[in-house]
Amino acid sequence: MHSDHPFTMPAATPTPAATATNAMPVTTSTARAAGDAERLGATAAFVREQDTSVLLSRVLPGLDGPELRALTDQCRFAHAAVLVFPPDEPTLRTELTACGLADTRAQPSVVVRERLAARHRRKPEDLDVRILRPLVRGPAGEPRAVEVFALTVPPGSELSGIAAEERRLDREAHLAFDVVRPDPLVLRGLLASFARHGAAADGGGYNPHEDGTVFYFTAPADTKTAYRRVELYASGDHRDVLTEHLGRAHAPVGPAGQTDASGPGETLLWLLTGAWTTQALAACATLRLPEAMNRHTGVDSAELARTVGADPQGLATLLRYLAMLGVVREGPDGFRLTGVGALLDEDAPGSMRPLALMYGGPFYQSFAHLTHTVRSGRPGFEHLYGENHFDHFARDPELAALFDRSMVSSAAMFDALPAHPVLTAAATAPGRPRTVVDIAGGTGELLGRVLTAHPTLRGILLERPQVLAAARTYLAATGVGGRCDYRAGDFADVPPGGDVYILSRVLHDWDDDRCRTILRHCAEAMPEHADLLIVERLLPDGATPSLATAWDLHMMCNTGGRERTAGHYAGLLDEHGLELVGHTPLALGAHALHARRR
């Protein structure tokens, strides 16, 4: 209920769909004839009747099952917006009352006024646009609103042409959903889900007066409503996430490869600077800039250069680039960290510093041999270092430790996994304690979370001998080491007799033949009642932008592995008598795939 504020930067909005379903109160075709009272009444009725889950599935076709349930838990339908053109304020009040909409205070609408002025080449001060948010109740009595934008158009006014065109095209009509628990991980997951189902980033902004952040989308081309704009509203200051969203909204190349008005040459130049971004982030981490900065107080670049031992001019140039990326923010008092930049602090919760050092170090160097990979089908890492990356890391303990820490950097994808129904059912099953077997579970980050969340469960960690020492230390520190057994071995040594088996970020390291071998060992070890949980990023079935598409290229070049679609995993599982029951979205673009014996 907070889409209008002075810092919003929406892009141009497509017109509503030419056809509509009953999910739109007034369709484009009827809008020409419908008066403001009819449009207000229809919008109010629409807001009162909608179920959040059903509406989400219509806005984002293809959204269903666990992902739809997850989105319904994370956001709720809040309002629909309509632009009306009363001759004066008393007429507007009368029409609102006739529609059962409570009288509410009107405020100036800066954003809609400026959009109308830009579209119709008028001076903003000539357009008296107000915003009202009368409350209504949803099907279960939940509070919602009709967001009413009102441009006063007296009889015979020269603004009548604007009113006629805007009624016909309904450019300001939109749907809005409020985010229930707006932490950055939830927000990024929601934005990724919208993008995965075809919604295109279309601007947004932060309103310091309301302390709220709004994210705009253009609805997918095959949306089942006639609303062409969708809004996500998150209370609080989320400008770091907003920066990423706005980058997608104004990116030179869109999801389908469209170029912007600057032309293909400039588009290509921006794309060619991707390597510079990786190295700028790695330099930021290496210099430990985040440790020398904070999010609340700025620091002068010259002072920062003295602190980290850098050339003042060189650091100032790097900081300007990092500010463009949204890693730092420049203000009157100097540079300060954003939430994105804070993740490069080694001591920050969920620190991603090790990832920056890996992607800017050995994996960056191996990517220089991507052409070799594409030509030969062999990993560029092996071409550069003469051995696969697991063997190479085993020979370099310091590099191996960095790799293990980089894996922990993405552990936020595990946040929701302990609540998976498979693990909850095992934890609450009567009788003997159930056992969770984490295969190639690294230093125990995931297993530790599962055992902490479920004190009745026991764990077995299967890993390489050189990793188990660090795992013992970590799990002992989390207080669950006493419920965990440690097995040194490889995939041929999967322990039998477990109740839940976990393969987290394992299968994407390998080609299909090696995956078949791993799954065969799992199937042979699993009792009839056991469940298998696989944590991986899933390739989209179409051309939707996805982190998995980028990681697919990364795995091919560095490990010889690949990301896969859910259908691909289902086929591999089927070969070993296992059935893919379903999959649930996790943070950072990951999914938990659940398999059982057929």
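In the predicted model, strand β12 (residues 435-439) pairs with β15 in the parallel sense, over 4 bridges. Within this pairing, valine 437 stands opposite tyrosine 501 of β15. Strands β12 and β15 belong to an open sheet of 7 strands, in the order β14-β13-β12-β15-β16-β18-β17. The pairing in this sheet is mixed. Strands of a sheet pair through backbone hydrogen bonds, either parallel or antiparallel. The edges of the sheet are formed by β14 (484-488) and β17 (578-585), each of which pairs on one side only. From one strand to the next, the twist averages 20 degrees. Helix α23 (residues 465-477) lies across β13 (458-463) and β14. Relative to β14, helix α23 runs at about 170 degrees.

Aromatic contacts were examined next. A pair of aromatic rings is described by the distance of the centres and the angle of the planes. With a cut-off of 6.5 Å between ring centres, the count comes to 13 aromatic pairs. One of these is formed by phenylalanine 363 and phenylalanine 393, with 6.3 Å from centre to centre and 55 degrees between the planes. This pair is tilted. Phenylalanine 363 lies in helix α16 (residues 362-367) and phenylalanine 393 in helix α19 (residues 389-394), so the contact ties together parts that are 30 residues apart in sequence. Both phenylalanine 363 and phenylalanine 393 are buried.

Helix α19 also contributes phenylalanine 390, which pairs with tryptophan 510 in the loop between β15 (500-504) and α24 (512-525). The ring centres of phenylalanine 390 and tryptophan 510 are 5.5 Å apart and their planes are at 20 degrees, so this pair is stacked. Because of the positions of the two residues, the pair ties together parts that are 120 residues apart in sequence. Tryptophan 510 is partly exposed, with a relative accessible area of 21%; the limit for a buried residue is under 20%.

Ring pairs also link Tyr359, Phe363, Phe381, Tyr385, Phe393, Phe403 and Trp551 into a cluster. The tilted pair of phenylalanine 363 and phenylalanine 393 thus has both of its residues among the cluster members.

Charged side chains are also placed over aromatic rings. Arginine 514 lies over the face of tryptophan 510, at 5.2 Å from the ring centre. Tryptophan 510 is therefore a partner of phenylalanine 390 in the stacked pair and also has arginine 514 over its face. Elsewhere, the charged end of arginine 229 sits over the ring of tyrosine 216, 4.7 Å from the centre of that ring.

Conventions:
Residues numbered from 1 in each chain as written. Predicted model: local features only at pLDDT ≥ 70, side-chain atom pairs only at ≥ 80, totals over all residues. Heavy atoms only, no water. Phe/Tyr/Trp six-rings, centres within 6.5 Å; stacked < 30°, edge-to-face > 60°. Buried < 20%, exposed > 50% of the residue type's maximum accessible area, 1.4 Å probe, protein only. Lys NZ or Arg CZ within 6 Å of the ring centre and 35° of its normal. Pairing = 2+ DSSP bridges. Axes fitted to C-alpha atoms, helices over the stretch in contact; angles between N-to-C directions. Contact = heavy atoms within 4.5 Å.
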